[in-house]
Amino acid sequence: MLKLAISNEMKKKNISRYKLQQITNWNYKRINALYRNEMKYVSLEELDILTKILECDIQDIIK
């Protein structure tokens, strides 16, 4: 099973969940699920957006 590890990258870039919500305009509940790795699915579009915002590669956020 794959795990999404955006919390580490967010800490490195000093981006809070609130700031991520402001940038993406996603629901805060969705941001929280992604942050805590509690989501049931993640779209490729969401992954693309996250890697651009966090300025990282896909392998940095998927473990």
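**A tour of the helix contact and the pocket**

Begin by selecting helix α2 (residues 17-24) together with helix α4 (residues 44-54), which in this predicted model pack at an angle of about 115 degrees, their axes lying 12 Å apart. Seen as a pair, α2 passes α4 in a right-handed crossing.

Coloured by class, the contact of α2 with α4 has 5 nonpolar residues and 1 polar residue, with no charged residues.

Now colour the model by confidence, for which the mean pLDDT of the protein is 94, with 100% of its residues reaching 70 or more. Confidence is highest in α2, at 97, and lowest in helix α5 (residues 58-61), at a mean of 94.

Finally, turn to the largest pocket, which holds about 200 Å³ of space. To display its lining, select M1, L2, K3, L4, N37, M39, K40, Y41, V42, L47 and I62. When this lining is divided by class, 8 of its residues are nonpolar, 1 is polar and 2 are charged.

How values were computed
Residues are numbered from 1 along each chain as its sequence is written. This is a predicted model: local features need pLDDT of at least 70, side-chain atom pairs count only at pLDDT 80 or more; totals for chains, interfaces and linings use all residues. Side-chain values use heavy atoms; hydrogens and water are left out. Axes are lines fitted to C-alpha atoms, for helices over the stretch in contact, and angles run from 0 to 180 degrees between N-to-C directions. Helices (H or I, at least four residues) and strands (E, at least two) are DSSP runs, numbered from the N terminus. A crossing is left-handed if the near helix is turned anticlockwise from the far one by less than a right angle, and right-handed if clockwise. Ala, Val, Leu, Ile, Met, Phe, Trp, Tyr, Cys and Pro count as nonpolar, Asp, Glu, Lys and Arg as charged, and the others, Gly among them, as polar. pLDDT is the predictor's confidence in each residue, from 0 to 100. On a 1 Å grid over the protein atoms alone, a cavity is a set of points where a 1.4 Å probe fits but cannot get out, and a pocket is an open set with protein on both sides within 12 Å along at least five of seven lines; lining residues have an atom within 4 Å of a point. Grid points are joined across faces, edges and corners, and a volume is the space filled by probe spheres set on the points.
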